Each structure stands twice: as structure tokens, then as C-alpha cells.
Amino acid sequence: MNLLYTEIEEELRASVRDLLADHSPVSAVLARIEGPGAYDPALWRQLAAELGAAGLQVPERYAGAGASLRETAVVMEELGRAVAPVPFLGSAVLATTALLAAQDSAPDDVLGNALGALADGSRTGTLAVPLSSAPGRPFTPTVTLHPDGTLSGRVTSVADALGADLLVVPGPDCSLHLVETGFTATPRTSLDLTRPLADLTFDRTPARLLTADPAALQRALLTGAGLLASEQLGIAEWCLAATVGYLRERRQFNRPLGSFQALKHRLADLWLDVVGARAAARAAADALATEAADAAVAVAVAASHCGTVAVRAAEECVQLHGGIGMTWEHPAHLYLKRAKADHLALGTPAHHRAVLAGLVDLPA
Amino acid sequence: MTTASVEELRSRTRALLSEFDPADTEPLDFLRARFDAGLAWVHFPVGLGGLDAPRALQAVVDAELAAAGAPDNDPRRIGIGLGMAAPTILRYGTDEQRSRLLRPLWTGEEVWCQLFSEPGAGSDLAALATRATLGADGVWTVDGQKVWTSSAHTARWAILIARTDPALPKHKGITYFVCDMTDPGVEVRPLRQITGEAEFNEVFLTGVRIPDTDRLGAVGEGWQVAQTTLNNERVSIGGQRTPREGGLVGIVAGTWRARPELRTPELQQRLLKHWVDAEVLRLTGERLRQQLTVGQPGPEGAGTKLGFARLAQELTGFEVELLAEEGLGYDDWTMVRPELVDFNGREAGYRYLRAKGNSIEGGTSEILRNIIAERVLGLPPEPRTDKDVPWKDLAR
Ligand SMILES: Cc1cc2nc3c(=O)[nH]c(=O)nc-3n(C[C@H](O)[C@H](O)[C@H](O)COP(=O)(O)OP(=O)(O)OC[C@H]3O[C@@H](n4cnc5c(N)ncnc54)[C@H](O)[C@@H]3O)c2cc1C
């Protein structure tokens, strides 16, 4: 198990970080959330088409980069660090993983078209599930299948659904269906301003069956939860660094606030939590990438730890910035909102611990 | 890690095993032969028990030897030697000191202890008052008192820091020595601790003679030399590589599985939290080790020790509570002077009490947080009034 970053992963990180610094500084994100659409299509094109970030886990025969979930996780880290408003989680992680998990049964041309378009960023997609869905517990589909293969129903609180061109929709018995037209996405007012949610409505919507195997949906949810831990790590690292930087500069009582031990100790504890988050997130990404037998354990550990740490880091960030941390103009709230929404996304820490009880034999 | 070196280590280990069959070799002879074959600690230099190989490759050797039933050097008896004295001697010792001291240290023939803390100098170690003066004959004379000295009663050698120039500020006038514990001026008295036993001691030093050849590093550089010891101490407490559910959490999980009658939903929630914390800490240590295949641990090592202490205390407290009525008992309060330290030895009550020391020994958790905040995060130090004042002028 390699818990470090390879040279290639570090290079990828540097290019994603450069791109985000140039095209999506937090000031731009703050401005954008006031506008009509939070997502930044230009940024997405650069990230997907120029850097190839959206197709990292897609094999070369489907026009992807043929890399792995380890590299995908590095992108998640950087997107979290920048609270970047792009549909990476829905498109490059959830929808892509679901499509890949349907490889054995879905027609190759259908799969190839969809994966190719998601990989090069010409289209975006998502998995049509409430963002609060979680791996390791039965999923209750809210969409029904008509005998003619069309779908009807509603799915609420879906991430990255606004502007999505294609959807992977769980139908009866957690079968997966590909939908490309004939659905509506209604925006919701969301806690997380940089990852707005939408409700999806299907009314005799044309669809193609991808797979009847419920394992594909579980695989997508598990992968989503595992990689979300990397996003949470990025959020936590930003919050820690921003807070340390601020307390080094800000003076009160004729000394830098960072020289007060009460604050130092809080930050030292937070640092340790973040260091743990890095190890746990890397372990989950590595286990998913290598399809390790204990991947579900690694994901449950990472999701439970990183979800908690990101929220704590964002809360400390707000508190230790004082009044400025409470203002709309300071970016801390973007991180707090993302962190708190992520806390519930793809399973809360408590849910992941409950799953763990079964996985590692610590029964009630 | 190249496969060539993995293969080379395997074949060297097998060669050792075929020349010295563990079944009919005296354990000490085997350990000496292992040291001479460079298989003691492979990251050490050739000739000093190692092969200049990456640290991570030690696991290859250890696995081969364990499979063959070879004796080990019982690290629990010689933790201070292995974890703290050895890396310091390696870094600052002369060739003569290294070749004289490291072999018997590693084989366990010679136990080491650490004469650092004093009644008036714990967290503020640099304030220490034990004096060493150099005589015309090139021999130092040491006078003072040390305290909380683990395994002083079994030790042949000590690493010792003492003040050699009181006119300098406190960090500057310190020198580092190795001290012969059989010197007639060394008196070791047991100090009973909250577990009932006396793992540590008070050590009185009266006219102890230390030849200048047993000085480690330059005169006045002792504080710097001690940093190597302290950084290594932090990674050696709780820094051992363990499998998932190794150590304490495995003991508690085992009880949980074996004893359904003890379970409640609230305890399960807490156990799962601890289990996750233990796994995250294990991965943190593993990641640190992967980064540290070569070189010395830095201040980041303070993190693993801080996390280890917190987890050990939570888990042992949890275990006593889980055991319900049994948790009210204790195995034995008899005062003994143990030969080895095993945090997880004995029963739940002992583990609970012993774990209290984990956030004190090797730098308290408060001091570790200071180190992380200042040396890792780069936060400004608190205003300090004692740093540039000659030691002799400090209030005591
Ligand atoms: C089991 C055990 C084994 C030990 N073995 C050895 C050994 O073999 N050799 C050896 O040399 N020593 C040994 N020690 C001693 C140990 O290193 C010291 O006890 C430790 O460094 C703390 O020093 P102190 O006891 O003087 O506490 P003090 O320094 O007096 O601290 C008292 C309390 O104040 C806090 N505190 C102190 N300074 C600060 C500060 N600047 N900011 C915030 N809080 C602060 C401490 O964290 C602690 O909670 C051992 C201790 C134990 C418990």
C-alpha cells in the first residue's frame, strides 16, 4: 500500500493547482456564487479537455487517460482546496465509476460514447441519487421503469445535475439506466454554494439499461465516498493553512495571536487530525485503485475520519478568524458550507462507522 | 525498494540461518552473528550492524528470521538503547565509540537508560543543574540528581546531559556524555509509580568519573545532540509498525467479540470511534515510515506520539469501563522493579494506569503541541524571558 504521492501525482497536482490559481481564485468563486450559475464552464473545459483530469480513471480504449483513482483523488484534493465550482464529483467520479462498473453488461458503443464524452469534458453527467445516499446500506430507488424502457419519477438533492448532459439513473432493484434527454433539473437552494443541488424529474423519459446488477451502484457510491475523503482533506488543509497564516500576522495584545499557547495547541491538534486525514484518504484511494479486498474498510475509515476533520477545520477557521471569519466577503464560509455538506454527502461519519461494525466484526 | 536488494537481504538472512542454526546456537551467539552480518538494523552502516540499506527493508529480514524461529533481542528490555541511545551514538559518536558501544547495545548484553530529567528540569529540560567539570587528568566529574529514570536499575550505560558552563545561557552550556552506571558514584533508588511497581528510579550522581572519551559531541553542544535523542524518543514511543488491530485496540476488540454480555449500543458507538482513530493513527505512522526510509525523524514525529498517548488513554479507560464489575479489580499492587516495559502487559487496570504516563514520558503532550505549533506550523514562540540569560542568573 503506497500512502505517498508519486512523482506523476505531484506533477498532476501542480498543474491542477496552477490552473485553479489562475482561473478560479477564491475571489472569483465568491463573485460567481452571486451570479445565475455557480458552475464555471470555462474552468471545466480547461480542467477536462486541457489537463485531462475528468478522464483519469477511464481506460484508454474509452478515450480516457488510463490512470487510476489515485490520480483522480489528487484532483479531488485540489478541487477541495480551492472549493472549485466544477461538476467533478458527479461527472468524473460518480457517473464515470457507475458506467465503468456496468462494463460487463452495457453495450460497448453506448458506454464508449458516454465515457468518452465525460472524459474529454464535452459533456458532463452525474449519478441520479440524493447526495446523502451512502454505500453499505440498501438504496431505495424513486424512479420506476415502464415496459417500454422509459423512466418516470423524481430524485431530489442531486449534486452536479444542473447542466448535466447525461445521467446514470438507478431504477427498480438498483438497476442502472443511461438517460440523455427528456428530463428536467430544478435547482434547490443549497447549503453548499459551490456545489448546488437540483431535483430531477423523469416523465416517460427515454433510457437505456446499463446493468441490472445492483453492485454497480454500490461500487459508484463506495468510490464516491472514498474519493470525497480526498476532497475533505483538501478543504481541511486549506482551512488549517489559512488559519495558521492569519494567526501569524494578526496582532492583538501587542503580540501575534499565533504566539498564544491556547491557540497553538488547538492548531497542533488540528494539524494531527489533518495528518491522519491525509494518511486515511491516501489509503482509501489506493485501496480503491488497486481493488483491494479491504477497500470497503479503507473507505469507511477515511470517510468517517476525513468527514469529521474537514468540518472541524472549517469551524476552527471561522472561529479563529474572529469577526472577519463571519463575513460573506471572507472565503471561510465557502469552506464551512462545503465541509458541512460533505459531512452528509455519501454517508455521514456515523453511518460509515455503523458500516464498519459489520465489516470488522464489532457487532452490537 | 529494488527487488535486487530484497533478494539480497533474503539470501544474506538465509546464509546467516544456515551457518547459525537457531535450534542449536546460544541466543547471544546468534544475535552477535546477526549483528556482524549487517542484519541487526539494515539502515545502519556496514560494520555497525547494518548494510546502509533502506529502513523499510528491515521487515524482509525480520520476517525471514521470525519464520525460522530465531531469537530476538527483546526490544521491550532495551527500548531506550535501541530507540534513543543508538541513533545518537550513530550520529555523534566517534568511530571508537560506535564500534565499542553499538554491538552490545543491540544484542541486549548492555541495557541503557536516559539520565535527562531532574527534579527541577522536566519539560524545561535545558534548565538542568547536574554539573560536570573537566579535571586536569582529562576526566569529567559529575554531581547532581536525576529522576524518573526508567530501567536505571538494569542499565549498564546511561546517556547523560549535564551542565558544563553555567555562565552561558541555558541551552548553550550543556554537554552530552555516556555514563558508566557501574561507577561507584552512581546510586539508584527505586521510585514507585501509580501502577504499584517501580519502573523508574531516582539516580544520585556523586563525584561520578567520566573519561573525556565518553563525551558525545563537542563540549557545549549537548542540547543539539539531545535533539537527536528526543526526536527519536518521540517516534519510538508508539511508533512501532503494527498490523491493523495490532496493540491495544486488538485487545479491546477481542474482549468485545468474546463477551457479548458486556455490550451496549452506547459503548459500541465509542468503540467504533476508537477503532477508526486507531486505524488512522496506524496509517499515519505507516505513511511517516514510508517518508522516512532514510534519514532522521524530524519534529513531525511528535504527532504520532501525541496521537498515541491520546488514543492509549481513551482506549484503556474504555476497556476498564467495558469490563463492568471486573473493571473494579486490579491484578497486583506489589512493589516490583520490572525488567522490561510493556504498556499492554498485565490487565486492564494496569494498562489504564500505565497509559497515563504516555502523555508525560518523552515530552508531555503539552510540550509536543508546542513543538508542532512552532517547529512544524511555524507559529511564533511565546515571549521568553529565559533564553539569553546566563543559566547561573536564572531564578530557581
Ligand atoms: C513513565 C515515565 C518514564 C520516564 N522515564 C524517563 C527516563 O527514563 N529518563 C528521563 O530523563 N526522564 C524520564 N521521564 C520524565 C519525563 O520526561 C518528564 O516527567 C517530563 O518531561 C515532564 O517533566 P516534569 O515531570 O518535570 O513535569 P513539568 O515540566 O513540571 O510539567 C507539569 C505539567 O505542566 C505542563 N507544562 C510544562 N511546561 C509547559 C509549557 N511550557 N506549556 C504548557 N504546559 C507545560 C506539562 O505538560 C505537565 O502537564 C519519565 C516520565 C514518566 C512518566
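A salt bridge here is a side-chain nitrogen of Lys or Arg within 4 Å of a carboxyl oxygen of Asp or Glu. In this predicted model, B:E382 and A:R255 form such a pair, with their closest N and O atoms 3.4 Å apart. The rule finds 6 salt bridges across the interface of chain A and chain B. Residue pairs in polar contact between chain A and chain B, both at pLDDT 80 or more, number 18.

On the side of chain A that touches chain B, the elements giving two or more residues are α7 (215-249), β10 (255-256), α8 (261-289), α9 (295-320) and α11 (349-359) of chain A. Of these, α8(A) provides the largest share, 16 residues. By residue class, this side of chain A divides into 24 nonpolar, 8 polar and 10 charged residues.

The contact as a whole involves 42 residues from chain A and 39 residues from chain B. Between them the two chains bury about 3700 Å², with 67% of that on carbon and sulfur atoms. A:K264, A:W271 and A:L362 supply 18% of the area that chain A buries against chain B, more than any other three residues.

Now to one helix of chain B. Helix α6 (residues 222-236) of chain B has 15 residues, so at 1.5 Å a residue it should span 21 Å; its end C-alpha atoms are 21 Å apart, which agrees. This helix, α6(B), is mostly covered, with 12 of its 15 residues buried. Among the buried residues of α6(B) are B:G222, B:V225, B:L230, B:E233 and B:R234. After α6(B) comes B:G238, which has a positive phi near 80 degrees.

Conventions:
Residues numbered from 1 in each chain as written. Chains lettered and ligands numbered in written order. Predicted model: local features only at pLDDT ≥ 70, side-chain atom pairs only at ≥ 80, totals over all residues. Heavy atoms only, no water. Contact = heavy atoms within 4.5 Å. Buried area = accessible area lost by both parts, 1.4 Å probe. Polar contact = N/O pair within 3.5 Å; in protein donor to acceptor, adjacent residues only side chain to side chain. Helix = DSSP H or I, 4+ residues; strand = E, 2+ residues; numbered from the N terminus. Nonpolar A, V, L, I, M, F, W, Y, C, P; charged D, E, K, R; others polar. Expected span 1.5 Å × (residues − 1). Buried < 20%, exposed > 50% of the residue type's maximum accessible area, 1.4 Å probe, protein only.
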